Amino acid sequence: MLKKSHYIILFFVVLLVVLLLQLPGAPMGKLKLAISGLFLPLFGLSNSTHQWLGQARQALVPRRELQRQLDQLRRDNDELKLRLAQDAQLENENARLRIQVGWAKQSRWRLKPARVIARDPANWWRSVEIDLGSRDGLSNNLAVLTADGLVGKVQSVGQTRSQVVLLGDPNLHVSAVVTSSPTNRELGIIAPTSSTPRQDGMIDLTLISGASNVGPGQSVETWGAGGVFPAGIHIGKIADVQTNEFGLSVEARVKLAANLSALEEVWVLWP
């Protein structure tokens, strides 16, 4: 009985094969697509498994490398803690010294942006107008600067606009300090004499002691005397130095950090 059933099954298989071989091209192609579609999920599962295994291998990091990275992070963290401790110590020391000499702690600058809206064609390098006025809280003698350095000060205030007198104007004098070394600071006055900002952005620094060590490349900042310009605003750098008659004083030309001839946006410094 078993052998007879095998023969019957074999007969139907052979018959099915013969019928399939007799099919035209189009039905045969459709049949192949249908049969292959039954196995596509298996092939897709196999490919996804291979991709997942490949990504897992890339994500795995050797234990030795993880330990090295962890040790580096610990060292960086310890270094930051030491630097914070040192900064706290320096801040405390600075506060003690200020109390001893009676210096007030310098407050953080309050800045307000402004746009240059006009210039005087006859005195292009002496003044500009900005789009802030009394309605914005402006008042006379506020310092004006850019990200590069000092520009000038507010000279007159209207309701919606204000006039700013620039460095190089004969009526604008600025007390300045030259840092020739960490422990040596020379005082002087920015006061136009022979130079104007029209001459390659140069301006004069006068009334420097003849015994000073002022030289090219040294930084010039506001000193803070006079109450108009807070200390520490960058002005520029010494370009060259000339000793006056009898060597009693020194004059220097300063290359301004801010480009006064191309001002578009400035910052007004509130007290």
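What percentage of the 271 residues in the protein chain is buried?

Guide: Happy to! This is a predicted model, so local features need pLDDT of at least 70 and side-chain atom pairs pLDDT 80 or more, while totals for chains, interfaces and linings use all residues. Residues are numbered from 1 along each chain as its sequence is written, and side-chain values use heavy atoms, without hydrogens or water.

Of the 271 residues, 26% are buried (under 20% relative accessible area; exposed is over 50%, partly exposed in between; 1.4 Å probe, protein chains only). The chain has three helices and 12 strands (DSSP runs numbered from the N terminus: H or I of at least four residues, E of at least two).

Now to your strand. β11 covers residues 249–256, and its side chains alternate.

Strand β8 (residues 202–209) runs antiparallel to β11 and is joined to it by six bridges, with Ile208 opposite Val250. Strand β10 (residues 234–243) also pairs with β11 in the antiparallel sense, over seven bridges, and there Lys237 stands opposite Lys255. (Pairing requires at least two DSSP bridges between the strands.)

Ile190 belongs to the largest nonpolar core, which has 42 residues (buried Ala, Val, Leu, Ile, Met, Phe, Trp, Tyr and Cys joined through side-chain atoms within 4.5 Å). Together with Leu167, Leu205, Ile235 and Val268, Ile190 touches the most other members of that core.

For a wider view, look at the contacts with a separation of 6 or more: 54% of them join residues 24 or more positions apart. Arg115 and Glu265 meet in a salt bridge at 2.9 Å, N to O (a side-chain nitrogen of Lys or Arg within 4 Å of a carboxyl oxygen of Asp or Glu). That pair links strand β1 (residues 110–119) with strand β12, across 150 residues. Seven salt bridges are found in the whole structure.

Definitions and conventions. Contact = heavy atoms within 4.5 Å.
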